[in-house]
Amino acid sequence: MVTEAQARRALDTVVDPELDEPITDLGFVRSLSVSGPDVTVHLRLPTSFCAPNFAYLMAADAKDALSALPGAGTVSVFLDDHHDSDLINRGLAADAGYHGTFGDEAEESLDELRTIFRRKAHTAAMERVLTGMLRDGLREDELHDVVLGDLPPGPATTALLRRREALGLACEPSAFALVDEHGNRYPREEVPLRLRLARSVRISIEGNSHFCRGLLRTRYPESAADQTPEKEKVS
Amino acid sequence: MYTKDGEKYFIVDAHIALWDARPENQLNIHGKQFIDCFYDYHRNLSPESEVWPYEDYLYQGGQRLMKDLFEDGYVDHAIFQPAHLGAFYRNGFGQTEEAFALTQQHPDKLTYNHCWDPRNEQDGLDQLRRDAERFGLKGAKLYTAEWHGDSRGYKLDSYWSRKYLETAQELGIRNIHVHKGPTIRPLDRDAFDVADIDKVATDFTELNFVVEHCGLPRLEDFCWIATQEPNVHAGLAVAIPFMHTRPRYFAQIIGELLYWLDENRIQFSSDYALWTPRWLIERFVDFQIPEDMTEYAPLTTAQKKKILGLNAAAMYDIPVPDELQLPREEPQAAAVA
């Protein structure tokens, strides 16, 4: 037996890697039906031409998250109205995996792709917290020495810690905050440039999120009710 | 030309199309999916008063194009940037013969850029030489996400792509407009990766690479590349309509572009018929960075004049009347390669 609430919570853990937001918040879950132990989910995306690798990742992650629920029976996940819907849905139904789904268009794995976007998500989260501190009076030349213990409590800091954890970076209070994807500090003189670069990453992700959410509402007007209100993240 | 508050703006629309996506030209379901995707972009980002009925959107024709751009739209000169999409449309998406005939009728108003696909290998290379002569090409439009047989996209730094760029350089086709759509092969990589632009921009220094929609959805990677490669330019297609729906986001895009590139390497385009130029030009001239965004300097009138036309005019040697040039104390940098 699986409840609808459990299934929805499982889907909450599935993230669009490019937008760094749960597919449930984005309105990508078109329908969810639970019948005893069996779960059926339909997903929808903003365009027919959304990159199929990301589409596959989200659909496969959804199937994995639901299948891991205790008591889950048959889990069926469908991607609707995409140019690769047939291919991806066949692969999902057969649990064919990445290679089995895409054949020779797949080379090794999607791990590197995931890593690239986890790093971008971390960079954006880092910029959000540090720019907030600059607004509150921190001087730019102090950024280099800021440690996690200095960060103000709140959702932005929590989000940064979660993304550090996903990358395997240190999360103790003495760890430095402005770091690269391996947790290393930049040379002090590079701090202004690195913050600027991080800002462009944050703007890019947030902008893509606006665009994808808007396109989804245009394509599926009923999706507006499913999207969580957009956080006013753009400063 | 557009005039506002005593200022006169010379307008070059650097990315337009004359397309045919009517059902009789659709080869398969992807032809419908593609134009539907464009139509959703159009509906999502246009002011309500500027939204076209779907039927009009499928095909505009030359007469309507001339009216939308030059009668209603303030445009002085426009550049065709066709996408072929032969895997989706019987007679292609961009209408070569119709667009070229229109260009021949209005050579002072229109420039025709053509397209190529390096996966046509030697045959396509021979065709490129014939096309360069027939169309008098100064530029080309490359859509790297084009489907071709079993292939669903290519990289600019592949062997045959480099051959085509070498030939373009030799033939004086200097302005390469790159549209990065989702390039599917191999699926392991980011479909919107712009790193191949970096490689060819380094190796083909006589060519200008105008990256359409300024690298979106990878604005940050694009900016980083453009900072290092002086022959990389930003086209504002797709980005500029955000002025209407998301003015604060657009302020950040233009702010970042001006920071990482400079005001000489940004070009206006409506992406007609995705959007129509009139409202975009009116709003861009009125646009200003919000005062609380202190990280960006306010946009100057000179910057707007460069972006709306003078930059592309310099790249394409389009004559600009003296009264529409910038005064001497604000010279246009001769940054064009």
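Good morning. Helices α6(A) and α7(A) are roughly antiparallel to each other, a label given to angles over 145 degrees, whereas angles under 35 count as roughly parallel, 65 to 115 as roughly perpendicular and the rest as oblique. The model is predicted, so local features need pLDDT of at least 70 and side-chain atom pairs count only at pLDDT 80 or more, while totals for chains, interfaces and linings use all residues. Residues are numbered from 1 along each chain as its sequence is written, and chains are lettered from A and ligands numbered from 1 in the order in which they are written.

The axes of α6(A) and helix α7 (residues 155-167) of chain A cross at roughly 150 degrees and come within 9 Å. Axes here are lines fitted to C-alpha atoms, for helices over the stretch in contact, with angles from 0 to 180 degrees between N-to-C directions. Helices are DSSP runs of H or I with at least four residues, and strands are runs of E with at least two, numbered from the N terminus. The crossing of α6(A) and α7(A) is left-handed, that is, the near helix is turned anticlockwise from the far one by less than a right angle.

Which residues of α6(A) meet α7(A)? Among them are A:R118, A:H122, A:A125 and A:V129. On the side of α7(A), the residues include A:A156, A:L160 and A:R163. Contact means that C-beta atoms, placed from the backbone, lie within 7 Å. By class, this contact of α6(A) with α7(A) holds 9 nonpolar, 3 polar and 5 charged residues. Ala, Val, Leu, Ile, Met, Phe, Trp, Tyr, Cys and Pro count as nonpolar, Asp, Glu, Lys and Arg as charged, and the others, Gly among them, as polar.

Helix α6 (residues 111-135) of chain A packs with helix α8 (residues 191-219) of chain A at about 110 degrees, their axes 8 Å apart. That angle makes α6(A) roughly perpendicular to α8(A). Their crossing, too, is left-handed. Residues of α6(A) including A:T123 and A:L130 meet residues of α8(A) including A:L195 and A:I205.

Finally, the two chains. In chain B, 29 residues are in contact with 30 residues of chain A. α1 (29-45), α8 (219-228) and α10 (247-260) of chain B each supply at least two residues of that side of chain B. The most comes from α1(B), with 7 residues. Thank you.

How values were computed. Two residues are in contact if their C-beta atoms, placed from the backbone, lie within 7 Å.
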